[in-house]
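Welcome! Here is a friendly set of questions and answers about how the terms for a structure are applied.

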Amino acid sequence: LRCINRKDYRFFVNRLLTTEAGPVVWGLQMPDFDYDSEVSFASAAPGYWSSEDVSAEDWSNYRWQMKNRVESLEEVERHLRLSEDERAGILLTGTKLASAVTPHFFNLVEAENPHCPIRRQIIPQVAETFEDPTEMADPCGEDNHMPVPGLVHRYPDRVLLLVIDRCASYCRYCTRSRVVSGVGEQHLETKLEAAFEYLENTPQVRDVLLSGGDPLLLSDNRLKRILSRLRSIKHIQFVRIGSRIPIFLPQRITPALCDILREFHPLFVSVHTNHPRELTCEVRDALGRLADAGIPLGNQSVLLKGVNDSVDVQRALVHKLLLCRVKPYYLYQCDLIKGSAHLRTPIRKGLEIIEGLRGHTTGYAIPQFVVDAPGGGGKIPLNPDYVLNSDEDSTLLRNYEGKEFMYSEAQELSKLLT
């Protein structure tokens, strides 16, 4: 498979992605959607591990969850009936991005449904091995904005500090797959002390985002040392942590961890959830522990084909997030990461979703749709066109119902008196 030409390769992939009923990936149809079911909270445990001798204590231990991640083809096939596309994907993508899923999150995967929205996020597909010429290894241009290894300074007053190259589970659309999981050709190199010295000497930086990999995989002591060091820099006003640990590994959000995080306010946590089924009872409780520790929570979703590319799914997701005390923050257009074409939607789909939410639900529930400009241009916000026309006297507006309204601009007092 590694040696065939592009034409034959496309034919091979198309055969794998086609059933008697026709193509099953490039034009996915969402099944009938049950809103009430999707916004209800449930636990999938013990799920696929019900026949194994796993105590409740072990299941609730994040170290047990990490030790028992599903990683190999054999382990996946023990629980799922894989399609040929998925089987080939697992075999062919091992040198690009590791495959590993915690038992907690794996329990959300439907065994017989290759179109399961959870499954599409974490089970490799052979389509990952086909790269569109426009795709990139570093679509956000992070490597070109590093004044010191591991520290990305792209915006004037904030930086991104990459503190780890491992995650509890690996998303197949990962924008940092070039350096995450340890199996690719490039490896993450972060020089923490050099990063701290740079921050001390750059007073315009007021905001530091910790990411990776997943910072909440660090030990309590190591995470505390990093946060303490950042807090010792007087001009840093607040710190953020980007993490999918509350979703992939809610057992990690222990009272002890929350006590540590509580010491470093103002501290914000951005989680990453793409589908309402990811918000289980365990996840809700983990997010609640963070919220009770006084940590503002926001969610960043990635728009993915066959996962959450409908108004129905997004509405259920944002409503359920609010029930978990999490503010929907960003809806990202999927980055142009190599091998992601089968998961990317047109930009117009994101605009349609925002149009379908705005005015139909509370403003608290509506995320900002953004595109990370390919190559390193930063986030570009995208919104439906509600301004139809504008001049110095008035602006013609459209509301969510399509009705038009004229807003008159304030006139100078001298004009009103003449």
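What follows sets computed values beside the definitions they rest on.

This is a predicted model, in which local features need pLDDT of at least 70 and side-chain atom pairs count only at pLDDT 80 or more, while totals for chains, interfaces and linings use all residues. Residues are numbered from 1 along each chain as its sequence is written, and side-chain values use heavy atoms, with hydrogens and water left out.

Q: What makes the chain as compact as a globular protein of its length?
A: Let us start with the make-up of the chain: 16 helices and 14 strands, where helices (H or I, at least four residues) and strands (E, at least two) are DSSP runs numbered from the N terminus. The radius of gyration is taken over C-alpha atoms, and the globule rule is 2.2 Å times the number of residues to the power 0.38. For 418 residues that rule gives 22 Å, and the chain has 23 Å, which is close, so the chain is as compact as a globular protein of that length.

Q: Why is Val109 called buried?
A: Buried means under 20% relative accessible area, exposed means over 50%, and partly exposed is in between (1.4 Å probe, protein chains only). Val109 has a relative accessible area of 3%, so the word is buried. This residue lies in the loop between helix 7 and helix 8 (119-122). Leaving aside neighbours within four places in sequence, Val109 is in contact (heavy atoms within 4.5 Å) with Tyr48, Leu80, Cys116, Ile118, Arg119 and Ile122.

Q: Is His79 buried or exposed, and how do you know?
A: His79 counts as buried because its relative accessibility is 13%. His79 sits in the loop between helix 5 (73-77) and helix 6 (84-92). Not counting residues up to four places away in sequence, His79 touches Tyr48, Trp49, Phe106 and Ala111.

Q: What makes Arg81 and Glu112 a salt bridge?
A: A salt bridge is a side-chain nitrogen of Lys or Arg within 4 Å of a carboxyl oxygen of Asp or Glu. The closest N and O atoms of Arg81 and Glu112 are 3.4 Å apart, and the pair forms a salt bridge. The pair links distant parts of the chain, 31 residues apart, with Arg81 in the loop between helix 5 and helix 6 and Glu112 in the loop between helix 7 and helix 8. Arg81 is exposed because its relative accessible area is 60%, and Glu112 is exposed at 54%.

Q: Why is the link between Lys349 and Glu352 said to cover about one helical turn?
A: The two residues form a salt bridge, with their closest N and O atoms 3.3 Å apart. Lys349 and Glu352 are 3 residues apart in helix 15 (residues 347-357), so about one helical turn separates them. Lys349 is partly exposed, at a relative accessible area of 25%, and Glu352 counts as partly exposed at 41% relative accessibility.
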